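Hello,

Here is the structure you asked for.

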Amino acid sequence: MFLNRLQLWNFRSYENLELNFPLGISLLTGENGQGKTNIVEAIYLLCTGKSHRTNREQDMIAFGRSWTRVRGENRQKDGRHTVDMVLQKGQKRRILVNGLAISRIGEMMGHISSVIFSPEDLNLVKDGPAARRRFMDIELSQVSKQYFHALNEYNQTLLQRNMLLKENGGGAALDVWDELLAKRAEPIIRARRRFCARLAPEAAQAHAYLSSGKETLRCEYKDCTQGADDVEGALLSLLEKNRENDQRRMFTTVGPHKDDLSIHLGDTDLRYFGSQGQQRTATLALKKAELEMMKQDLGEYPLLLLDDVLSELDVTRQKLLLEQLKDVQTIITAAQPAEALRHLDATVFRVKKGKVLEK
Ligand SMILES: Nc1ncnc2c1ncn2[C@@H]1O[C@H](COP(=O)(O)OP(=O)(O)OP(=O)(O)O)[C@@H](O)[C@H]1O
Ligand SMILES: [Mg+2]
């Protein structure tokens, strides 16, 4: 796929911007604080409905303004897709897909898709399980509306169960919520199992390519039901077993919202025992695997957004990564153009004080 145009109105440091991206690699360069990441953020917003760096949606509205609009025009194999989002202070956001208003955020998924690698991801391996669940959930949501919907339903049910636990310890009503929670957890757990089964060989292959080491990268879904065939039944008994604990702690302590993705290099658990370099290489391999899996699911590569991360990799790995991106539209931000980019055919955009000039 190919995002050929991005338009911003009152978006962070941009009053009005129209950018026409080429196929291949675009490099957004310029000094710190000039607005490079803002552009990546706007693209990611059109892909997922969320910013990659904040949950505070209204922060994206330019200072002193009451609304912002972001519009992207994307070419896929089946034709042109446009996504338009308007955020207005004190109002619900409005989204148009191909010119038609949509009411559910799930309907905007898939019209522009991307894999992002940003400073927030650098600790994907090292951070707590939430980061790795987000990694699974974002990929799955972008390729499957059903997953996105199922995840929302699960989270709503979880919220209600937790509220009940806080209010009065749950009481007899908990039985009903346990059943509903287990039922809604099932599609999440099954989809993540399938995802991880595919991710493992892709990530191992990417890792072998990116590292000179002999050890194999192993990814495994740590699912609360431990791979049970009857997911719903297994979770239901877990909820029963943990009920007292949940009542005491006033939240739900088991379920897919606590699951993890374990990442080992040989026998070493990289989260706890990996060196920084090993963790970075593993993260890069996971991102590369995500890119390949999205290609399989979408029938074409998504965009790749590399926000400020090239400089975090050594030159060898920068080169190895970029060499593999021939058919991927890639948007890179960097204050200093990375060494590996000197030898590649990239279109350079200079970003300065909310203006962008093509060089
Ligand atoms: N809502 C907003 N309205 C106006 N300007 C904003 C808003 N939010 C952020 N900015 C400005 O945007 C700039 C930051 O932009 P951005 O994060 O894109 O910089 P960058 O070029 O990626 O910098 P770095 O190289 O440090 O990563 C800051 O100067 C900040 O003041
Ligand atoms: Mg930045």
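Is Arg-184 buried, partly exposed or exposed? Arg-184 counts as partly exposed, because its relative accessibility is 24%. One caution before the rest: this is a predicted model.

**Overall shape**

The protein has 9 helices and 15 strands. Its radius of gyration is 21 Å, close to the 21 Å that the globule rule gives for 359 residues, so the protein is as compact as a globular protein of that length. The C-alpha trace spans about 65 × 55 × 35 Å along the principal axes. Of the 359 residues, 55% count as buried.

**Salt bridges**

Searching the whole structure gives 27 salt bridges.

Start with Glu-153 and Arg-184. They form a salt bridge, with the closest N and O atoms 3.5 Å apart. This pair links distant parts of the chain: Glu-153 lies in helix H3 (residues 145–168) and Arg-184 in helix H4 (residues 174–210), 31 residues apart. Glu-153 has 27% relative accessibility, so Glu-153 counts as partly exposed. Arg-184 is partly exposed too, at 24%.

Next, Arg-193 and Asp-223. Their salt bridge has its closest N and O atoms 2.8 Å apart. Again the pair links distant parts of the chain, 30 residues apart. Arg-193 sits in helix H4. Asp-223 sits in the loop between strand E9 (217–222) and helix H5 (231–241). Asp-223 is buried, because its relative accessible area is 9% and the cut-off for buried is under 20%.

Glu-41 is in helix H1 (residues 36–48), while Arg-53 is in the loop between H1 and strand E4 (67–76). The two residues are 12 apart, and the pair links distant parts of the chain. Glu-41 counts as buried, because its relative accessibility is 0%. Arg-53 has 33%, so Arg-53 counts as partly exposed.

Where is Arg-161 found? Arg-161 is in helix H3. Its relative accessibility is 0%, so Arg-161 counts as buried. The C-alpha atoms of Arg-161 and Val-176 are separated by 9.6 Å, with the two residues 15 apart along the chain.

**Charged surface patches**

Which residues form the negative surface patch? Glu-179, Asp-229, Asp-230, Glu-232 and Glu-240 do. Glu-232 is in helix H5. With a relative accessible area of 32%, Glu-232 is partly exposed.

There is a positive surface patch as well, formed by Arg-350, Lys-352, Lys-353 and Lys-359. Lys-352 belongs to strand E14 (residues 346–352). Lys-352 is exposed, because its relative accessible area is 58% and exposed means over 50%.

Best wishes

Note on methods. Residues numbered from 1 in each chain as written. Chains lettered and ligands numbered in written order. Predicted model: local features only at pLDDT ≥ 70, side-chain atom pairs only at ≥ 80, totals over all residues. Heavy atoms only, no water. Patch = residues over 30% accessible without salt bridge, like charges linked within 9 Å, V, L, I, M, F, W, Y side chains within 5 Å. Areas by Shrake-Rupley, 256 points an atom, 1.4 Å probe, with all protein chains shown as cover. Salt bridge = Lys/Arg side-chain N within 4 Å of Asp/Glu carboxyl O. Lys, Arg positive; Asp, Glu negative; His and termini not counted. Charge placed at Lys NZ, Arg CZ, Asp CG, Glu CD. Helix = DSSP H or I, 4+ residues; strand = E, 2+ residues; numbered from the N terminus. Buried < 20%, exposed > 50% of the residue type's maximum accessible area, 1.4 Å probe, protein only. Rg over C-alpha atoms; globule rule 2.2 N^0.38 Å.
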